[in-house]
Each structure stands twice: as structure tokens, then as C-alpha cells.
Amino acid sequence: MAAMSSSKIEGYLSPPFTFGRWRRSSNLIGWQQMRFRNSKVNIRRHRGLQRGFRLPKSFCLVASSSKAASSSSSSDSSGGSSYEVFLSFCGKDIRTNFADHLFNGLVDSGIRTFRDDKELRKGNEIGPELITAIQESRISIPIFSMNYGASKWCLDELFEMYECRRTMKQIVFPIFYKIEPRDVRNQTGVYAEAFEKHQKRFDEETVQKWQKALKEVGKLDGWHSKEDTHEGKLIKIVVKTVWSELNKRPLIVSNNLVGIQSLIENVLMLLNMESDDIKIVGIHGLGGIGKTTIARAVYNTIFHNFEGYSFIENIQENAQRYGIAHLQNQLIFDILKQKNHNITSVEDGIKVLQQRFRTKKVLIVLDDVDQDINVKCLVGDRKWFGIGSKIIFTSRNEAILCAQEVDAIYKPNVMNFDDSIKLFSHHAFQRDQPLEDYLDLSKGMMKITGGLPLALEVLGSSLFSTEKSVWEDMLKKLQKIPNNNIMKRLKISYDGLDDEEQQMFLDTACFFIGMDKDLACHIWDGCNFSPQIALHTLCARSLVTISENGKLRMHDLLRDLGREIVRQESIKEPGKRTRIWSQEEVLDVLETQTGTSNVEGLSIDFSHRSKSQCLISELRWLSWTCCHEQHVQTNFHPRKLAVLNLSHCEITKKWMGWN
């Protein structure tokens, strides 16, 4: 591919990935990521790739741009994903104005919205597409207008909404558009005229179910748009209400928390929730002590008290991977519920934060802060925020917290023996206390873990449903490890995995943190793994977690453990390792041609260097979203391409890539 502009290209290398010769094909997937900023780069010039570098037969490349995310977050009346809001309306009087403006307001806020398109209507019955869209939506919004009651389609939709609310607790927000709510509830006025006609055309049972739906939904709280209503203002209110309702969901926190309530109360006391003061509190401690868990639990307890709220996790990792501007965009979207701020520079992001947040009472949590610059660019000054705002940092670096002039620093202690045995038992036995036969063994584990929650969770999970002999063997191994070496203790759980599970664990640690679970499983499936089974095991053993939005997550200590395992494969020669994720090491290996047949995957970021890639004829999967038609392809010959995803592209039949 010759010209790529600013598109982000992500590639996946199925095994084997080597330089010059191949290794056995049952090995692990690799991951390669490249960003091309120079649109005039000639990919044949990459000296590190043109001398004998070959791609494996199952290489797959994934490309995306920064616009792809916003484009894919909303939906119209077609598409394969489930919806958050179902919009029901009837009549030309609102289809092209109020309903259209409301639909676009919802979509612009990142809300996946289905609107009833008359082109989907076939036959006399409500179609399966509409029924599915209603049932899968979390909120339905019927817009009762003068013509709504006359439409059989709308009444069928309304009855389905009524049933979903009754049986599935779906939220229904009615809008009475230039119609009196009592006319809807009681079928009077124009609705009485409509039902006189319905009674002549339809059976009594059908008419009665429509009347019941109108009566019940007409009683619900909603909005009344009258002749003098400012529709633009009303639409903003509706969008804000819907967005808040959709996002009033707590973060996922383990069900096996022990002693968390007292920790929450300690942090709340430091935040001084009753005060209008802007408070900044840091949570500091060693890895695995539970800083993130405490921050999530506090967030869940108080977020509903604020106008806006945002929890940005893994600040250090995500700032390195995506850049600070990406995190600024996330913060702005979380607080303002708007996706139209496409911040491309850190300076622009700071200006928006300073200007738009100063009147809002917000709750912001920055998790795993490790560099001063990351904090300064996200919450640089408490003057940026409205009165009553509260900000929480978590960090292993106390100096960073002091540099931010936090009001207080909370330092959680390791767990006492009683809480330790309870937490361990939750994971090892799914009960509060150990089984009698395992009591002494459990106490031995407690002495070794030192009250560190992560170690208790991982070790307990790894011993669940295992024989007593396994416990005894585990305890002997732990007793040989120095007390201060938590990494080696955690590695025992890794050693207990089978080969496939180990490979997926290392994949996640090196490359896949933050990746969509389904996408990762699709890639692993292409390596002839059994990803669903193996991933279930990794999650059951607390080695990998899945976030609220389906992303793969891993505790920092476990990530570091996985990367250290790979580093130990060849400490001084990265080209002999199975995975290379450090940009400095990747580029050095490519340029010096020191890669070996051991290398199965690598991650490349070309954001600051003019590098490119050729010889992609073995591509099996190419995803290049938001591609512009002017991206002329001069050497694009994917002879074995199986999947081509050009979502949100301007590609036409004239695109040279089709050749």
C-alpha cells in the first residue's frame, strides 16, 4: 500500500512469525501495530523489511483511524449491533424536523439509536427487525403526535415497548408532541377519531391491547412539547437525560471484596463530601494492595451525586499507547456527553478542559498515575472544575501525588489475618472460611502472601477445586521463595496453566490489554486455540479480567509478570524472544536484522519515524476503516484475503485497490 495518510494500521501475525524460516505452526499469535503519519512514504524503502523479511501465511492486518471509533458508536435503522435507544414516531410533520433532530442529537452523543425507517416496513405485521430492536434497547422513546394513534405500525411498536417495560423493566420515556397527554391516555380528541377507524378494521383483542398500551405509557413521566416550546432546548434535555440514564451504571467490582466498606469510608472522609470545596485525594501503595479496587468502590458509591463523572484507568499504559490527547478526549466525552470534540493536540485539550468544566461539579478518577505530565494535562488545576468537584488519583509513586498538591493521601494497609483468610477462602472455596481439612494449609498460605489482596485472590483462585496434594505442593514452592518476591509467588499460578493458557496470558500481557475480548478470541481461534475455554480459565484464576465494555484487562503486577517471563527468554537479545513490545527494541531488531525464528509477534509504532511495510500478499484479514478514496494502492495484492472490512470508508468502484 503506497499512501496511508494518518490511518492507524494494526496487524496480527498468526504463527509462525519469523525472519527467514518458519517454526511450528501451533504457536502463538503475534500482534503488530504501525502508525503512518507520512502519506508519501514508499513502502519499498523500508530497509529493515526489504532484505529477506517475509510474512507468515496467516498474517492479518487491521487498520483504523481516529475517526472510526466515533463513527461506529452510533447506528441508524440498520446494522448488526444491539441498540441503546429505540425511537418511535409517525408522520411527515415530525419525521424531517423534531424526530430527525432528536435522533441526530442522540447519535452525536454516542448513543446507539434505532429509528423506525418506513422502508423496513413490509407486509401488515410488525417486522422481526423492529421487534428485535425494541427488545434489545435499554430505552424506548415513543413520540406521540397527531398522527401516532392512527398508525397501526406505531401502535404495534408501542405495545411491544409496553411489554418490554412490564416483563424486562425497560425504560420508556414518552414525548407528547403538540398533543395533550390525556388524549393519549384516554384516547380522546384525534386519538378517539383514529380508534373509531381501528375498531372497524381490526378485531377487538388487537384494539384493546393498543388502548391498554396507550393508557399505561401515557401515564409515564416524559416531556410535553407545546406550541411555544423551544425544541432545541427540549432535545438537549432529552439527550442529557437518556445519556445519564444509560451511564448510571456502577463500575464492575469483584463480588468477593472483604473489609471494603471501612476503606470506602476512610476515603470519603478525606474527600469531605458534604463540603463544596474542590478536593483532591491520592491513594498510594504498592502494587496489588487494592488501590484501583478502592477507587472503583468509592466511585460507585458517589458518582450519582455529580453532574459529570469519569474513571480513566491505566493512565500510564494508555498514555504511552494512545497519547495524552486520547485520554483528554475520553475525559471530555465522559463529562460533556459529546463526541464532537476531536482533540488532536494536548494544548487544545487543555484549553477545552479549562473552558468547559469550570461550571460543572465533577468526579474524576485517574488510575495508575506515574508521570506528572499526565496529571497536568488532564486535571492541571483545581480551578478548571466547578465547586464541589472531587478528584482521586491512584499511584505507586508518592512523589507524584505530592507534586499535585493533593489535599490528602490515603495509604491502605495490607489485610489483617481474619480478612486475609476470608478473602482467600472466597476464591479457594467460595465460602467465608476454609474447609476443615484445609485449614492448616490455608493458614500457611496466609503467612506467605503477607496480606496482599492480589496474591490472596490469584493463589486462592488457582487452588479452587484442586486436590490436597496440589495444595501441599503449592505451599512447598511458596516457602522456597523470599518473602519480598511477590512476582515469583504469582508465577506459580502461571506455571499451573497449560501451554495454550500460558500463551494467551503472555499475549494479553504483551499486546492485548484493552483489546475487545471477542476480537482477541477471533484471533486466537485463528491459531487453532480454544480461546473461550482458555479465557474462562484465565478469568477464573483471576489472571485476566474483562471490563464492563468487554475489554481484556490485567492487573499491573500480572502484566509485568507476563512481560518479565518473555524478557527472561533472552535478556540481552530481544530478537530471540517470542514477543517484542518495546518500540526501541522492535526497531533495533528490524534495522539490525537480529530477529530469529523465535519471534512470534511484535508491536510497531511508526508515529515519529518514516517506516513502512511491503509484501502483504499473504493477508488473510484486512480491516482499514475510514479509508479515503485518494489512497491509491500501487502494490496491494492480497491474493489470500478472506475478510475485508472497509467500514466508514469513501471507497467506490473506482478504487485502484480492487485491482
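Strands S10 and S14 pair in the parallel sense over three bridges, where two strands count as paired if DSSP finds at least two bridges between them. Strands (E, at least two residues) and helices (H or I, at least four residues) are DSSP runs, numbered from the N terminus. The model is a predicted one, in which local features need pLDDT of at least 70 and side-chain atom pairs count only at pLDDT 80 or more, while totals for chains, interfaces and linings use all residues. Residues are numbered from 1 along each chain as its sequence is written, and side-chain values use heavy atoms, with hydrogens and water left out.

S10 (residues 279-284) also pairs with strand S13 (residues 390-395), in the parallel sense and over six bridges. Within this pairing, Ile283 stands opposite Thr394, and His284 stands opposite Ser395. Strand S10 is mostly covered, six of its six residues being buried; buried means under 20% relative accessible area, exposed over 50%, and partly exposed in between, with a 1.4 Å probe and protein chains only. Lys279, Val281 and Ile283 point one way from S10, Ile280, Gly282 and His284 point the other way, and all are buried.

These strands belong to an open sheet of five strands with parallel pairing, in the order S11-S12-S13-S10-S14. Its edge strands are S11 (308-312) and S14 (408-410), each of which pairs on one side only. From one strand to the next, the twist averages 15 degrees. Angles run from 0 to 180 degrees between N-to-C directions, and axes are lines fitted to C-alpha atoms, for helices over the stretch in contact.

A further set of parallel pairings involves strand S6. Six of the six residues of S6 (residues 139-144) are buried, so this strand is largely enclosed by the rest of the structure. Ile139, Ile141 and Ile143 point one way from S6, whereas Ser140, Pro142 and Phe144 point the other way, and all are buried. Strand S4 (residues 85-88) pairs with S6 in the parallel sense over four bridges, and Phe86 stands opposite Ser140. S6 is joined by two bridges to strand S8 (residues 175-177), and the two run parallel; here Ile143 stands opposite Ile175. Two bridges also join S6 to strand S7 (residues 171-172), again in parallel, with Ile139 opposite Ile171. The chain crosses from S6 through helix H6 (residues 152-168) to S7, and this β-α-β crossover is right-handed: with the strands pointing away from the viewer, the path from the first strand over the helix to the second runs clockwise.

Met168 is placed in H6 and is partly exposed, with a relative accessible area of 45%. Met168 and Gln135 are 33 residues apart in sequence, and their C-alpha atoms are 8.6 Å apart in space. Leaving aside neighbours within four places in sequence, Met168 is in contact with Gln135 and Glu163, contact meaning heavy atoms within 4.5 Å. Asn318 lies in helix H13 (residues 315-322) and counts as buried at 15% relative accessibility. With neighbours within four places in sequence left aside, Asn318 is in contact with Glu313, Gly323 and Leu327.

Two packed helices are described by the angle between their axes and the distance between the axes. The axes of helix H18 (residues 417-428) and helix H20 (residues 453-463) come within 7 Å and cross at roughly 35 degrees. H18 passes H20 in a right-handed crossing; a crossing is right-handed if the near helix is turned clockwise from the far one by less than a right angle, and left-handed if anticlockwise. Residues of H18 that meet H20 are Ser420, Leu423, Phe424, His427 and Ala428, and they face Pro453, Leu456, Glu457, Leu459, Gly460, Ser461 and Leu463.

A search of the whole structure finds zero disulfides, a disulfide being a pair of cysteine sulfur atoms within 2.5 Å. Cys539 is in no disulfide, and the nearest cysteine sulfur, that of Cys521, is 9.0 Å away. Cys539 is partly exposed, with a relative accessible area of 27%, whereas Cys510 counts as buried at 3% relative accessibility.

Overall, the protein has 27 helices and 20 strands. Of its 659 residues, 54% count as buried. Among contacts between residues at least 6 apart in sequence, 72% join residues at least 24 apart.
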